[in-house]
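Let's take a friendly look at the charged pairs and the surface of this protein. Please keep the structure open as you read.

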Amino acid sequence: MSGARETRIFMISPDSMITTDVLARAVHTMADGVSVKETCYGCLAEADPEVMAGVVRKVRESYGNQVFTKRRGYPAGDPRRCRAQHGTRPGYSQLEAEWECLPLIQHALDEIDAGDEKYTAPAQRKPLPVSELKKICEESE
């Protein structure tokens with residue numbers, strides 16, 4: 001594989017009714033030259049960057065906020081990461097933590113897409129000046 005190919009993780013939100021099989025098959029048919037591997041959380045897809053950009057756009061159009069994607073540092077089947085070739089899985093804990101947050105993110109994005117205007121950005125916090133901290137400490141004595 002050439003270094004110019006891009007590998008992406010497509011992860012299905014736990015609140016979605018999409019199965020990994022449906023996603024993998026759909027991604028595979030979205031463009032020529034896409035290599036797809038079904039995974040427990042969705043699929044890995046590999047293609048030229050221009051082709052991959054089109055696939056990402058089509059996934060967004062088809063599945064909205066039910067599927068999330070990010071770049072992967074290693075191609076699918078890379079012996080350094082593939083368990084079938086006794087590789088390690090150092091990023092799996094991070095993926096698991098991200099997967100658990102996806103329903104919250106999906107819900108928030110769905111609300112925004114539905115036109116919910118109740119959201120207001122939190123006020124920017126500033127570091128507490130030392131003099132303020134000192135004053136608080138002295139008052140509590």
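## A buried charge and its partners

Glu-6 counts as buried, at 12% relative accessibility; buried means under 20% relative accessible area, exposed over 50% and partly exposed in between (1.4 Å probe, protein chains only). This is a predicted model, in which local features need pLDDT of at least 70, side-chain atom pairs count only at pLDDT 80 or more, and totals for chains, interfaces and linings use all residues. Residues are numbered from 1 along each chain as its sequence is written, and side-chain values use heavy atoms, leaving out hydrogens and water.

Strands (E, at least two residues) and helices (H or I, at least four) are DSSP runs numbered from the N terminus. Arg-8 is buried at 14%, whereas Arg-71 is exposed at 59% relative accessible area.

## A bridge from helix to strand

By this rule there are six salt bridges. One of them pairs Glu-98 with Lys-70, with the closest N and O atoms 2.9 Å apart. Glu-98 lies in helix 3 and Lys-70 in strand 4, so the pair ties together parts 28 residues apart in sequence.

Conventions: Salt bridge = Lys/Arg side-chain N within 4 Å of Asp/Glu carboxyl O.
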